[in-house]
Amino acid sequence: MRDFFKNIKPGLVGVEVGVACGGHAHNILLENKPEKLYLVDPYLPYGSNLYGEVHSNKEQLLGWKETAYTTLKDFTNIEWLHMDSIVASQTFKNLSLDFVYIDADHSFHRASQDIDNWIVKVKSGGIIGGHDYNNQEDGYGVTRAVDLWYKSRNIPIPVFDTDWWIFV
Ligand SMILES: C[S@@+](CC[C@H](N)C(=O)[O-])C[C@H]1O[C@@H](n2cnc3c(N)ncnc32)[C@H](O)[C@@H]1O
């Protein structure tokens, strides 16, 4: 189990942003047993050569979507939001979610926007975090975004492995 999810009790309401083939969402559903899990992924080309991560093949993305639908077909406590992360965040009320896990576009700019737009949706006592901290291949975009969030608040940066988190 990824580090972030050791903090999630059963029966909560959360979001995974960036679902791809649904493998990780499947783990969340089985191991964390949320009351409801919203799944955000537009399955549209994303990424930029600037950050070493480009997924421009539409057929590949549709293949991921089909795989995710198959993988998650037995769960009745999921709801798909096939839209951009920021647009999806705007469909939730502030302070309405227990957890948000971000694993979408790993560029610095997008990771920063994701943190800013989703953190306000998380209840006090909830948690927001994500994957690919310390990932050299994405140009450390996630790392820089998370570190900046902590530094700008003068909070010591916790030691992260591949997952980061902020307790709200
Ligand atoms: C690294 S994969 C997710 C992997 C998945 N969390 C797992 O561990 O099984 C990134 C996913 O983010 C999605 N994505 C990229 N940009 C996005 C955006 N702006 N909003 C929402 N999802 C996005 C992509 O379509 C892709 O499926």
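Which residues of the largest nonpolar core touch the most other members? I began my entries with this point, working from a predicted model.

**Entry: the core.** I found 33 residues in the largest nonpolar core, and those that touch the most other members are V17, L37, L39 and V100. I then listed the elements that give two or more residues to this core: the strands β1 (13-17), β2 (36-40), β6 (97-102), β7 (122-130) and β8 (164-167), and the helices α1, α4 (108-119) and α5 (141-152). With five residues, β6 gives the most to the core.

**Entry: V100.** I looked up the contacts of V100, leaving out residues up to four places away in sequence. V100 touches G14, V15 and V17, and also W118, K121, V122 and I128.

**Entry: helix α4.** I noted that α4 has twelve residues and reaches 16 Å from its first C-alpha to its last, close to the 16 Å expected at 1.5 Å a residue. I recorded R110, A111, D114, I115 and W118 as the buried residues of α4. These residues lie on the same side of α4, because they cover an arc of only 140° around the axis. I also recorded that the buried residues of α4 pack against the strands β1, β6 and β7 and the helices α3 (85-89) and α5.

**Entry: the ligand.** I found 19 residues around the ligand, of which G18, A20, H24, S85 and A104 come nearest. The helices α1 (23-32) and α2 (58-71) each supply at least two residues of the shell.

Conventions: Residues are numbered from 1 along each chain as its sequence is written. This is a predicted model: local features need pLDDT of at least 70, side-chain atom pairs count only at pLDDT 80 or more; totals for chains, interfaces and linings use all residues. A residue is near a molecule or strand if its C-beta atom, placed from the backbone, lies within 6 Å of it. Helices (H or I, at least four residues) and strands (E, at least two) are DSSP runs, numbered from the N terminus. A nonpolar core is a set of buried Ala, Val, Leu, Ile, Met, Phe, Trp, Tyr and Cys residues joined through C-beta atoms within 7 Å. A residue is buried if 20 or more other C-beta atoms lie within 10 Å of its own, exposed if 12 or fewer, and partly exposed in between; C-beta atoms are placed from the backbone. Two residues are in contact if their C-beta atoms, placed from the backbone, lie within 7 Å. The expected span of a helix is 1.5 Å times one less than its number of residues. The arc is that of the directions from the helix axis to the C-beta atoms.
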